[in-house]
Structure formats: C-alpha cells, structure tokens
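Take a walk through this protein chain, from its overall make-up down to a single side chain. Keep the sequence and the model in view as you read.

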Amino acid sequence: MALVVLLSACQSTSSCGAPAPSAQKLSYGVLTYEEGNYQASMIALQGVLENSQSTKPERLRAYKYLAFIHCVSGQEKNCREYFRKALELNPSFELEPTETGHPIWGPVFRSVKSKFAK
C-alpha cells in the first residue's frame, strides 16, 4: 500500500526530487547571472517566464534577475518594466535586504514600488 501511495505521489517530475524544467532554467539563469554571462542568463530566465508550469515564486525571481541585468546594463526602462511586472504579480514583493541598497537597482526598485503603490 505504501508503494502505491509513493508511486502516485511521483507522477509529476518535481515531486520525486527531480527539479522541474522551470526550476532548472531558473537555477541556470541565476548561476549565469552571478558569473556575469547576462546573455545566457536572460535566455534561461525568459524560458522560466514562457513556461506555463512556472510557479509564482519562480516567475518573481526571474523578473527580479531580469531587472537586475537590465539595470546593470544601463537599460533603466527595461529594468523598471521587469520590476513593475514583479509587483503586478505580487504587490508586496520586496528585494532581499542585501539587494535593496544596491546603488544601481535599489533606487529604481524603490521608485517603481512607490509609483505602483499609488
């Protein structure tokens, strides 16, 4: 009986320890972002957003990292747009404390958040 329960719980790829495709893309997107490979990161993060199976937290994280990439690349308009999309998905979305004080995206995020609240 326990085997039947265990097997039925493993019908989806993410429930038995194997990461879902969107989780893999997100992990790869964050890793390549941290390595400074923004092109590869953007492709992976866009893949998360295009996957209808992506969870809300996965989508939020993808939006956040896409905003970071655009901010550090001098594309403030796109940076604002990704922060706006994150806030549309979750109006209480906040950056991590270590991210909030960043000199490039910190002020942009605060500006978008203040306008979004109005």
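Of the 118 residues of the protein chain, 36% are buried, meaning under 20% relative accessible area, with exposed set at over 50% and partly exposed in between (1.4 Å probe, protein chains only). This is a predicted model, in which local features need pLDDT of at least 70, side-chain atom pairs count only at pLDDT 80 or more, and totals for chains, interfaces and linings use all residues. Residues are numbered from 1 along each chain as its sequence is written, and side-chain values use heavy atoms, with hydrogens and water left out.

The protein chain has seven helices and zero strands. Along the sequence the pattern reads α-α-α-α-α-α-α. Helices (H or I, at least four residues) and strands (E, at least two) are DSSP runs, numbered from the N terminus. The chain exposes about 7100 Å², with carbon and sulfur atoms supplying 57% of it; accessible areas come from the Shrake-Rupley method with a 1.4 Å probe, and for residues only the protein chains shown count as cover. Of the contacts (heavy atoms within 4.5 Å) between residues at least 6 apart in sequence, 50% join residues at least 24 apart.

Now look at α2. Helix α2 (residues 21-34) packs against helix α3 (residues 38-50) at about 155 degrees, with the axes 8 Å apart. Therefore α2 is roughly antiparallel to α3. Axes are lines fitted to C-alpha atoms, for helices over the stretch in contact, and angles run from 0 to 180 degrees between N-to-C directions. Under 35 degrees counts as roughly parallel, over 145 as roughly antiparallel, 65 to 115 as roughly perpendicular and the rest as oblique.

Which residues of α2 meet α3? They are Ser22, Lys25, Leu26, Tyr28, Gly29, Thr32 and Tyr33. Their partners in α3 are Tyr38, Ala40, Ser41, Ala44, Leu45, Gly47 and Val48.

Helix α4 (residues 56-72) also meets α2. Their axes come within 11 Å and cross at roughly 25 degrees, so α2 and α4 are roughly parallel to each other. On the α2 side sit Ser22, Ala23, Leu26, Val30 and Tyr33. On the α4 side are Glu58, Arg61, Ala62, Tyr65, Phe68 and Ile69.

Finish at Ser41, in helix α3. Is Ser41 buried or exposed? Ser41 is buried, with a relative accessible area of 0%. Leaving aside neighbours within four places in sequence, Ser41 is in contact with Gly29, Thr32, Tyr33 and Ile69.
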